[in-house]
Amino acid sequence: MPFDGSVIASVVHELERLLVNGRIDKIIQPEADEVIIAARAGGTNHKLLLTASAQAPRVHLTTQAKNAPLTAPQFCMVLRKHLSGGRILAVRQPDFERIVAIDIENRTEMGDASQKRLIIEIMGKHSNIILLDHDERVLDAIKHVPPSVSSVRTILPGARYEPPPTRGKVNPLTANTTQMDTAQHVAAPHSTGATDNPPREFTPLHAQFHGISPALGEEILLQAVHGTSALGLTAAFADFTRKINSGDFDPHIYYDDTGKALDITPWPFLLHAQHRGEAFDSASAMLERFYMQRDADNRLQQRTADLRKLLTTQRDRARNKSFAHEKTLAETQNRDTLRIKGELLTAYLHKVERGASTVTLDNFYDNNAPMEINLDPTLSPSENAQRYFRQYNKQKRAAVAVVVQIEQNNADLAYLESVLTTLDNAQGEEDINEIRAELAEQGFAKRRPTAGKSGKSNKKPPKARPSKPLHYTSTDGFDIYVGKNNTQNDTLTLRTAHATDLWLHTKDIPGSHVILVTRGAEPPETTLREAANLAAWYSRARASTNVPVDYVARKHVRKPAGAKPGFVIYDYHKTVYVTPVEPSEGRG
């Protein structure tokens, strides 16, 4: 769901309650399109985040600490000049638009009271932060919009502020009876309740009212037909406006099957009845969690893009090698025929005419069945026999070599798949660096040189302190550890775990090593299944159902000599089947 009018209304309701009559202490502009205003209200310090980022424009309270640039940008200087020390008079949402207006009173240099208005427009790539004077003229904006860029609205210092065009839409909070009748007529297919899954093309509320997104419009229609009362569209719309006007908000984040944040809503939505929801005490807390996770995911994606490309390239190359090796092996399967031909020629040299191109001889390996043998007429019968022996020996050597190559290539392929899985599970820069170092150690990536004291690059970067595995505590109080990369898997399994601890891993599926610390006790079934769930969740089978997880005492797990990081063999194991669900947050 986009940052629509209902989400903004929940934020405005919170800001009205917490910031009105507060004093502005500090203003910084940590990013080109982002401002943070520190204010003190009701004896509490607050930080208000305003961002006009095209990817994630928003406004809400934040707990994040960001550093101000050494030199403040021009827009920040203008804000400080007009707003520092000012008192926040009101926080409003004009006409249920995706706009927040903050009225601030301050004193001029002459000591006279002066009001300013800070406008935050949350409109995708057209988002902006604009400071207005008491006459609604632009003092400055974080993004200037000259006539050459937009013929609809000019946003430049000195220009009169014009709100974004409504395109014929009306405020849903003040809609009259005629407008509601029109909306209900357009949405009539929903109001009949004739179908359990009304098609999306019959969700037109967002086209009639501003501030209503397609998702919110669909939710209102679903409430009209499938809600607890199913009162029809008019009643469902009235309930929606009641929640907005009374501040009846219950912010939620919904998550998909992989645990990734899927959507934000100002209250529980029928639209997401099949998804796991998490409730928050405030809109700001919800938005901070949602965007922090999304921003963190985006940063990780950006920082791992080169590794992911490297790994997928190496994996695809290994797969191609597998096809080539299998083809070579298939070509050598009939090599014994070459040996037999050489032996027949040797045994029957007196029957082979010099200069012949073929000869048919009795095959004493096959009940003297006749075998036709091609010959090189330029060679003697003995030389033809030697030629077949050379071809046989060549294919024999090739078969031996290709079997070794297949084993090595299969090990490389399994290793690359396992690293891709650990890359998916990486939670921060430390994890990424360890994976990068591991790949360099195995020869799949180049080491990143670092500059020494002399300014010259060092071949080996300094060793960083190793990260810790994830730590969970089971319902029954047992400690469970999850390796975050292959090197860590080896350390956790082969050095940290005790002989009687349980080792768990998805069966024939790349994933993390999981150690259930037993201290010699028999773990309850609930704990065993929780540990198995962790093994399945931190594996390539996270989105699958009925995932097989092997478990065995650590003493039955061993690492073959020369095996790659993370690779072990085991026996005496048992298998449990689980459908992975997202675990509560672990400690690293």
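**Briefing: helices, strands and cores of a predicted model**

The protein contains 13 helices and 24 strands. The model is predicted. Of the 588 residues in the protein, 46% are buried. The accessible surface comes to about 30800 Å². Carbon and sulfur atoms account for 50% of that surface.

**Contacts along the chain**

- Take the contacts between residues at least 6 apart in sequence: 57% of them join residues at least 24 apart.

- Three strands form an open sheet in the order 11-10-12, and the pairing is antiparallel.
- Strand 11 (261–265) and strand 12 (276–279) are at the edges. Each has a single partner strand, so one side of each lacks a neighbour in the sheet.
- On average, neighbouring strands of this sheet are turned by 25 degrees against each other, direction ignored.
- Strand 10 (residues 252–255) and strand 12 run antiparallel and are joined by 4 bridges.
- Y254 has G277 of strand 12 opposite it.

**Nonpolar cores**

- In soluble globular proteins, nonpolar side chains tend to be buried together.
- The largest nonpolar core here holds 44 residues. V35, L48, L50, I102 and L118 have the most contacts inside this core.
- Helix 1 (residues 5–19) is the element that gives the most to this core, supplying 6 residues.
- Another core, of 23 residues, lies apart from the largest one. Among its members are A536, Y538, A541 and Y551.

**Helix 13**

- Helix 13 covers residues 525–537, which makes 13 residues.
- At 1.5 Å a residue, helix 13 should span 18 Å. The expected span is 1.5 Å times one less than the number of residues. The end C-alpha atoms of helix 13 are 18 Å apart, which agrees.
- The buried residues of helix 13 are T527, L528, A531, A532, N533, L534, A535, A536 and W537.
- Several strands pack against the buried residues of helix 13. They include strand 17 (470–473), strand 18 (479–482) and strand 19 (502–506). Strand 20 (514–516), strand 21 (547–553) and strand 24 (574–578) also pack against these buried residues.

Definitions and conventions. Residues numbered from 1 in each chain as written. Predicted model: local features only at pLDDT ≥ 70, side-chain atom pairs only at ≥ 80, totals over all residues. Heavy atoms only, no water. Helix = DSSP H or I, 4+ residues; strand = E, 2+ residues; numbered from the N terminus. Buried < 20%, exposed > 50% of the residue type's maximum accessible area, 1.4 Å probe, protein only. Contact = heavy atoms within 4.5 Å. Areas by Shrake-Rupley, 256 points an atom, 1.4 Å probe, with all protein chains shown as cover. Pairing = 2+ DSSP bridges. Axes fitted to C-alpha atoms, helices over the stretch in contact; angles between N-to-C directions. Core = buried A, V, L, I, M, F, W, Y, C linked by side-chain atoms within 4.5 Å.
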